[in-house]
Amino acid sequence: MAKKIIAVVPLWYDEKESIWMLPGYMNGIKEAGAIPVILPLASEQQDALEVFEKCDGLLMTGGHDVSPSLYKEQCGMKCGASCKERDLLETALYTKAMEQDKPILGICRGIQLINVLQGGTLYQDLPTEYASGIEHHMEPPYTNTAHFVDIKEGTPLYDLLSTKRLGVNSYHHQAIKILGSDLEIMAESEDGLIEAVRHMEKKFVWAFQWHPEFDFHVNENSRKIFEAFVTAC
């Protein structure tokens, strides 16, 4: 049987004005048995959408902060830089994937953007907006555990991992504030932040605030997430 092809949203390097990619995203997909393809990034999305027509799923990667304009807020003092081209491209890709019911996996920025595109909002900066003793912006190595999440019984994630408590890595300063429509919470951190969601009306739209691409090579649960995504494709 032919391998499935997964479209991967590129990261953007402002200083070099260049796309780039963390190998973990690509290798996590390859280890799960699919072929990752990095999409082009430009203000005109048609080329990327044409490539996506030939793909079986979409991986929405980490990177820049989501522009607050997408959830009708002003940019706060601690909000990081956004990337207009990524916001536009991923909005178009997400819309197309949802129309065609193609599986989607969102990681870090991915969960945040999915939430926003479903009508939700974000904390623009956790250290100044969400008082917590939990470390959400860890130092390397990212194979270490930064904190724990509680996985909700009865969710597909619980069915996949068969555990109610999971140690995860963490590297973000924004997070879901108000949950978007049609999304179900699958995991929360010890301080109550939403850490994993799924779209209840689609066959596979899962998103995570932690980073399985950093530790799938040593963490069976992270491998299972990539495998579940590829299987859905």
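This is a predicted model: local features need pLDDT of at least 70, side-chain atom pairs count only at pLDDT 80 or more; totals for chains, interfaces and linings use all residues.
Residues are numbered from 1 along each chain as its sequence is written, and side-chain values use heavy atoms, with hydrogens and water left out.

Two packed helices are described by the angle between their axes and the distance between the axes. Helix α3 (residues 84-100) packs against helix α4 (residues 109-117) at an angle of about 65 degrees, and their axes lie 11 Å apart. The axes are lines fitted to C-alpha atoms, for helices over the stretch in contact, and the angles run from 0 to 180 degrees between N-to-C directions. Helices (H or I, at least four residues) and strands (E, at least two) are DSSP runs numbered from the N terminus. α3 and α4 are therefore roughly perpendicular to each other. The crossing of α3 past α4 is right-handed; a crossing has this hand if the near helix is turned clockwise from the far one by less than a right angle, and is left-handed if anticlockwise. On the α3 side, Arg86, Asp87, Glu90, Thr91 and Tyr94 meet Arg109, Leu113, Ile114 and Leu117 of α4, where contact means heavy atoms within 4.5 Å. The residues of this contact comprise four nonpolar, one polar and four charged. In this division Ala, Val, Leu, Ile, Met, Phe, Trp, Tyr, Cys and Pro count as nonpolar, Asp, Glu, Lys and Arg as charged, and the others, Gly among them, as polar.

Helix α3 also packs with helix α2 (residues 46-53), here at an angle of about 30 degrees and with axes 10 Å apart. That angle makes α2 roughly parallel to α3. Ala48, Leu49, Phe52 and Glu53 of α2 make the contact with Leu89, Ala92, Leu93, Lys96, Ala97 and Gln100 of α3. Seven nonpolar, one polar and two charged residues take part in the contact of α2 with α3.

On a 1 Å grid over the protein atoms alone, a cavity is a set of points where a 1.4 Å probe fits but cannot get out, and a pocket is an open set with protein on both sides within 12 Å along at least five of seven lines; lining residues have an atom within 4 Å of a point. Grid points are joined across faces, edges and corners, and a volume is the space filled by probe spheres set on the points.

The largest pocket holds about 560 Å³ of space. Its lining consists of 26 residues, of which Gly62, Gly63, His64, Cys108 and Tyr171 lie nearest its centre. At least two lining residues come from each of β2 (11-13), α4 and α7 (212-215), and β2 gives the most, with three. The second largest pocket has a volume of about 160 Å³, and its lining includes Leu126, Pro127, His136, His137, His172 and His173.

A search of the whole structure finds one cavity of 30 Å³ or more. The volume of the largest cavity is about 40 Å³. Among the residues lining this cavity are Leu166, Trp210, Asp215 and Asn221, and β9 (165-168) and α8 (220-232) are the elements that give two or more residues to the lining.

Key. Angles under 35 degrees count as roughly parallel, over 145 as roughly antiparallel, 65 to 115 as roughly perpendicular and the rest as oblique.
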